[in-house]
Amino acid sequence: MLYERLRIFISASMQELAPERIAIKTALSQLNLEGWVFEMDAGARPQGIQQTYRQQIDDSDLYIGVVWRKCGEYTIDEFEYAKGKHKDCLIYEKRTDIEGQRDHTRVSY
């Protein structure tokens, strides 16, 4: 029997959580799982940013979201889109240096 690799969409604020996104992708790769991170995997494409990440969510088996201080417009849309597509979603919250600095957004987990 042939098994495909589990595909996982990794979502987080690019600027503040770039090291965490790379660490998650690396850890998944070591488990023979395919993690997709926008800045590392999107490359040049004819469609826009939203179309690109939505296509990747459609093609993924699991959504992993990581939040810390800010949750940008694209991150919110990625999560809401994944939920709307009934994808399994895992949300992780970074709690280091967060005291009073979390941007409370309209995201409902």
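Modeller: Phe9 and Trp36 are both buried (under 20% relative accessible area with a 1.4 Å probe, protein chains only; exposed is over 50%, partly exposed in between). For Phe9 the relative accessible area is 1%. The model is predicted, so to speak of a local feature takes pLDDT of at least 70 and to count a side-chain atom pair takes pLDDT 80 or more, while totals for chains, interfaces and linings use all residues. Residues are numbered from 1 along each chain as its sequence is written, and side-chain values use heavy atoms, with hydrogens and water left out.

The count comes to five aromatic pairs (rings of Phe, Tyr and Trp, the last by its six-membered ring, with centres within 6.5 Å; planes under 30 degrees apart are stacked, over 60 edge-to-face, the rest tilted). Phe9 and Trp36 are stacked because their ring centres lie 5.5 Å apart and their planes meet at 20°. Phe9 belongs to strand S1 and Trp36 to strand S2 (residues 34–36), so this pair ties together parts 27 residues apart in sequence (strands are DSSP runs of E, at least two residues; helices are runs of H or I, at least four; both are numbered from the N terminus). Phe9 also stacks with Tyr63, at 6.0 Å centre to centre and 15° between the planes. That pair joins distant parts of the chain, since Phe9 is in strand S1 and Tyr63 in strand S3, 54 residues apart. Tyr63 counts as buried because its relative accessibility is 2%. Ring pairs link Phe9, Trp36, Phe38, Tyr63 and Phe79 into a cluster.

H4 has twelve residues and spans 16 Å from first C-alpha to last, close to the 16 Å expected (1.5 Å times one less than the number of residues). His86 follows H4 and has a positive phi, near 60°.

H4 (73–84) also supplies at least two residues of the lining of the largest pocket, as do strand S1 (7–12), helix H1 (14–30) and helix H3 (49–59). The largest pocket holds about 310 Å³ of space (on a 1 Å grid over the protein atoms alone, a pocket is an open set of points with protein on both sides within 12 Å along at least five of seven lines; lining residues have an atom within 4 Å of a point). Of the 17 lining residues, Ala12, Ser13, Met14, Tyr74 and Thr75 are closest to the centre of the largest pocket. Its lining divides into seven nonpolar, five polar and five charged residues.

Lys25 is in helix H1. Lys25 is buried, with a relative accessible area of 17%. Leaving out residues up to four places away in sequence, Lys25 touches Ile10, Gly35, Val37, Met40 and Asp41.

As for the whole chain, four helices and four strands run in the order β-α-β-α-α-β-α-β from the N terminus. Of the 109 residues, 36% are buried. Among contacts between residues at least 6 apart in sequence, 71% join residues at least 24 apart.

Technical notes: 1 Å grid on protein atoms, 1.4 Å probe; cavity = no way out; pocket = protein on both sides within 12 Å on 5 of 7 lines; lining within 4 Å. Points joined across faces, edges and corners; volume = space filled by probe spheres on them. Nonpolar A, V, L, I, M, F, W, Y, C, P; charged D, E, K, R; others polar. Contact = heavy atoms within 4.5 Å.
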